[in-house]
Amino acid sequence: MEKTKNNSGEKLYKAFIYVVLITLAVLILVPVAWVFMASVKQNSEFYGNPWALPASFYWQNFVDAWNAASMGSYMLNSVIVTALSLALLLVVALPAAYCLSRFQFKGSKLLNIAFMAGLFINVNYIVVPIFLMLRDWESWMQYLFGLNNIFMNNLVTLAVVYAATALPFTIYLLSGYFATLPYAYEEAAYIDGAGYGTTMVRIIFPMAQPSILTIILFNFLSFWNEYIISMTLMSSATGQKTLPVGLLNLMQASQSKAEFGRLYAGLVLVMLPTLILYMCVQKKLTQGMTVGGLKG
């Protein structure tokens, strides 16, 4: 009797979990599908039933969003900033995480504590100090050398800020994964005459591929969709705004002209790269997060 009760309780619990998961999936998929559907509608179709299927695929919305609304230029800026941010982040975070997880040296505990503390600092709370600091540096460069747009309205500076703000989480996750790898591989490499750098690049990094792909995906999503920092640091550079900031401009222009199809086409352009990247690396995402958290 007790076993029957346990089985029924288990089935009820599983049913509850499935209901919750299906509900969450519907809540996520329906708005996404609606945006894709609305992006190929003509403006006249938005005044009828909002859930009606499009009468035809009106691809001109994407052409208008790409050319007339300058979404192509904004996307190029986002690609440059995101790629540069990821490159800077990996160049700094991978060796730092490896050293902090595999070696004990003077100050290593203090560095670990500092990076752990950085996890609790929301970057949105320090945007104003970052802006004031960069503005002062910009004023000094103008006064001393007559140079403009070195620290403000500069895509490279924006990429550096993105990479710096993502360091705590990235180093924390990578350190946890590196700590789970056995030392036998490194010892064998040292015996064969490999140095620390060669061992790190040719032995450890390939073994840590799931964790590296995980941090690339998470940081790509963060950099690609970031709005507040970009809006603050690129306020005066019309031609160098990133895609989320450009999408705001498109939204304001589309609402005033009632060009809703162009607006949703712009939303699709923002979402599509993230969806494609997620589908490419989803198999290794869970593995990297799970193993990386075992010895954080």
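## Exercise 1: The surroundings of A38

Leaving aside its neighbours within four places in sequence, A38 is in contact with F46, G261 and Y264. Keep in mind throughout that the model is a predicted one.

Solution. Finally, consider a C-alpha distance: A38 and A52 are 14 residues apart in sequence, and their C-alpha atoms are 9.4 Å apart in space.

## Exercise 2: The chain as a whole

Task: State how many helices and how many strands the chain has, and what share of its residues is buried.

Solution. Counting the elements gives 12 helices and zero strands, so that the order from the N terminus reads α-α-α-α-α-α-α-α-α-α-α-α. Turning to accessibility, buried residues make up 36% of the 296 residues in the chain. As for contacts, among those with a separation of 6 or more, 71% are accounted for by residues 24 or more positions apart.

## Exercise 3: Helix α8 and two of its partners

Task: Describe how α8 is placed against α3 and against α9, and say which residues meet in each contact.

Solution. Two packed helices are described by the angle between their axes and the distance between the axes. For helix α3 (residues 71-102) and helix α8 (residues 196-207), the axes come within 12 Å and cross at roughly 90°. Since the range for roughly perpendicular runs from 65 to 115 degrees, α3 is roughly perpendicular to α8. In this contact L94, P95 and Y98 of α3 meet T199, M200, I204 and F205 of α8, and by class the residues divide into six nonpolar, one polar and no charged.

The axes of α8 and α9 come within 5 Å and cross at roughly 70°, which makes α8 roughly perpendicular to α9. Here F205, P206 and M207 of α8 meet Q209, P210 and I212 of α9, a contact with five nonpolar residues, one polar residue and no charged residues.

## Exercise 4: Aromatic rings

Task: Give the number of aromatic pairs, and describe the geometry of the pair F57 and W59 and of the pair Y162 and F223.

Solution. A pair of aromatic rings is described by the distance of the centres and the angle of the planes. With centres required to lie within 6.5 Å, the count comes to 12 aromatic pairs. F57 and W59 have 5.7 Å from centre to centre and 10° between the planes, and the pair is stacked; both F57 and W59 are exposed. Y162 and F223 are also stacked, with 5.5 Å from centre to centre and 5° between the planes. This pair links distant parts of the chain, with Y162 in helix α6 (residues 155-180) and F223 in helix α9 (residues 209-225), 61 residues apart. Y162 is buried, and F223 is buried too.

Two further arrangements complete the solution. One aromatic cluster is formed by Y98, F103, F178, Y190, Y196 and F205, and the charged end of R102 sits over the ring of Y183, 4.0 Å from the ring centre.

## Exercise 5: L167, V92 and N153

Task: Find which residues L167 touches beyond four places in sequence, and determine whether N153 has a positive or a negative phi.

Solution. L167 lies in helix α6 and, at 17% relative accessibility, counts as buried. L167 touches L89, V92 and A93 when residues up to four places away are not counted, while the C-alpha atoms of L167 and G118, 49 residues apart along the chain, are separated by 8.4 Å. V92, placed in helix α3, is partly exposed with a relative accessible area of 44%, and its C-alpha atom is separated by 9.2 Å from that of I171, 79 residues along the chain from V92.

For the backbone question, recall that most residues other than glycine have a negative phi. N153 is not a glycine, yet its phi is positive, at about 55°. N153 is found in the loop between α5 (127-145) and α6, and is buried, with a relative accessible area of 12%.

Key:
Residues numbered from 1 in each chain as written. Predicted model: local features only at pLDDT ≥ 70, side-chain atom pairs only at ≥ 80, totals over all residues. Heavy atoms only, no water. Axes fitted to C-alpha atoms, helices over the stretch in contact; angles between N-to-C directions. Helix = DSSP H or I, 4+ residues; strand = E, 2+ residues; numbered from the N terminus. Parallel < 35°, antiparallel > 145°, perpendicular 65-115°, else oblique. Contact = heavy atoms within 4.5 Å. Nonpolar A, V, L, I, M, F, W, Y, C, P; charged D, E, K, R; others polar. Phe/Tyr/Trp six-rings, centres within 6.5 Å; stacked < 30°, edge-to-face > 60°. Buried < 20%, exposed > 50% of the residue type's maximum accessible area, 1.4 Å probe, protein only. Lys NZ or Arg CZ within 6 Å of the ring centre and 35° of its normal.
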